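The following note concerns side-chain contacts and is set out as numbered points. Please read each point with the structure in view.

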Amino acid sequence: MDLLNTLVDKGLRRELPTREEALAVLATSDDELLDVVAAAGKVRRQWFGRRVKLNYLVNLKSGLCPEDCSYCSQRLGSKAEILKYTWLKPDDASKAAAAGVAGGAKRVCLVASGRGPTDKDVDRVSETISTIKEQNEGVEVCACLGLLSDGQAGRLRAAGADAYNHNLNTSEATYGDICTTHDFSDRVSTVQQAQAAGMSACSGLIAGMGESDADLVDVVFALRELDPDSVPVNFLIPFEGTPLAKEWNLTPQRALRILAMVRFVCPDIEVRLAGGREVHLRSLQPLALHLVNSIFLGDYLTSEGQAGKDDLAMIADAGFEVEGTDTTTLPEHRRPDCGEATADESDESDDAEDDAGELAATVAAPSDDTRRDLVSVRRRGAGTDLPPNA
């Protein structure tokens, strides 16, 4: 297939595909799916080998958000029956983080609902970051606190935050359809503030909200222009009690095509499989590991994921390995300090045996039925007395 050969060649050279080529990936048929996955897999292995980075979410403050993002179970007016609690104490947050680290997580993501942090909130999170780093040697910490005000990014960086997450979510043209309390440019500005403060930028998207192929390509190209170090790809979890509860627009095959398109546009960037993978990829989750090089371990913010031990078994069974703290995730040319010691990020760049024939063995017959039973509200971990899923 000429399109895929072209995209592989471009990906190995770190050359951006055209919008038309990105759209063509999304338009491929189910019969071509394994060819698409195999092609994008070559690009993934060129820059990240067979390593999978594990990330672990700690929800510092759940629910009660004044923003009206339609996709969010924590939004203003949400009737989703999620956990609601105010700020975790630093020791409690560190204990939750430790569970993820013990399960193999290399990065801990500290998330708090709300429009953005107050200066007091930044102080509180800074103390939490310090506590986690003191108690978990070598762990990366990413903060996700909403829109940042002047000077807050620098304070978080000084406290030890390695990264800051703020997703663009969807295209600029359709952003007003999912949120009216802030706009697309606010999100872009926050990512740029994090970068200017010296933090690694993490920014991604949510697929499955009723967007068009053009919207998906537009947001991924906007992300590529921002040049974050990691791009989380979320698939909408249609929580009952939110405006998008009836948006079941994804099949496992479409989810894989979206991930492949993101990999082609972001060949040497950490592409992270994030929320909603269990709901929409289902039995095809292992195939996604040929496209992404990073996943969340265990549960998400307000929903439960598959058991952490099952995540680890999936990675091993698919022939991948968990990335250790002694290995730098990004390829050498993307690191601020190119002298940093790492494993060879292109150790399998000539490995092409994962063609469509091998991948075929991992494909299970998907179901097109709406699977509302897979949307499970989190009832354990942070904010509860039950042990976390890690």
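1. In this predicted model, Asp-229 and Arg-334 form a salt bridge through their side chains, with 3.3 Å from N to O. Asp-229 belongs to the loop between α9 (213-226) and β7 (230-235), and Arg-334 to the loop between β10 (321-322) and α14 (356-360), so the contact ties together parts that are 105 residues apart in sequence. Asp-229 and Arg-334 are both buried.

2. A second salt bridge joins the side chains of Asp-30 and Arg-257, at 2.9 Å from N to O. This pair also links distant parts of the chain: Asp-30 is in the loop between α2 (19-26) and α3 (33-48), whereas Arg-257 is in helix α10 (residues 252-265), and 227 residues separate them. Asp-30 counts as partly exposed because its relative accessibility is 43%. Arg-257 counts as buried, since its relative accessibility is 9% and the cut-off for buried is under 20%.

3. The side chains of Asp-310 and Lys-309 also meet in a salt bridge, with an N to O distance of 3.4 Å. Asp-310 has a relative accessible area of 35% and is therefore partly exposed. Lys-309 reaches 61% relative accessibility and so counts as exposed.

4. How many salt bridges does the structure contain by the rule applied here? The count comes to 24.

5. The student may next turn to the aromatic rings, where the structure holds 2 aromatic pairs. Tyr-175 and Phe-184 form an edge-to-face pair, with 6.2 Å from centre to centre and 70° between the planes. Tyr-175 and Phe-184 are both buried. Phe-296 and Tyr-300 likewise form an edge-to-face pair, with 6.4 Å from centre to centre and 80° between the planes. Phe-296 is buried because its relative accessible area is 7%, and Tyr-300 counts as buried because its relative accessibility is 7%.

6. One further contact involves a ring and a charge. The charged end of Arg-50 sits over the ring of Phe-320, at 4.6 Å from the ring centre.

7. How many disulfides does a search of the whole structure find? The search finds 0. Cys-202 is in no disulfide, and the nearest cysteine sulfur, that of Cys-142, is 5.0 Å away. Cys-266 is in no disulfide either; its nearest cysteine sulfur, that of Cys-202, is 12 Å away.

8. Are Cys-202 and Cys-266 buried or exposed? Cys-202 has a relative accessible area of 1% and is therefore buried. Cys-266 is also buried, because its relative accessible area is 0%.

Key
Residues are numbered from 1 along each chain as its sequence is written. Side-chain values use heavy atoms; hydrogens and water are left out. A disulfide is a pair of cysteine sulfur atoms within 2.5 Å. Buried means under 20% relative accessible area, exposed over 50%, partly exposed in between (1.4 Å probe, protein chains only). A salt bridge is a side-chain nitrogen of Lys or Arg within 4 Å of a carboxyl oxygen of Asp or Glu. Helices (H or I, at least four residues) and strands (E, at least two) are DSSP runs, numbered from the N terminus. Rings of Phe, Tyr and Trp (its six-membered ring) pair if their centres lie within 6.5 Å; planes under 30 degrees apart count as stacked, over 60 as edge-to-face and the rest as tilted. A charge sits over a ring if NZ of Lys or CZ of Arg is within 6 Å of the ring centre and within 35 degrees of the ring normal.
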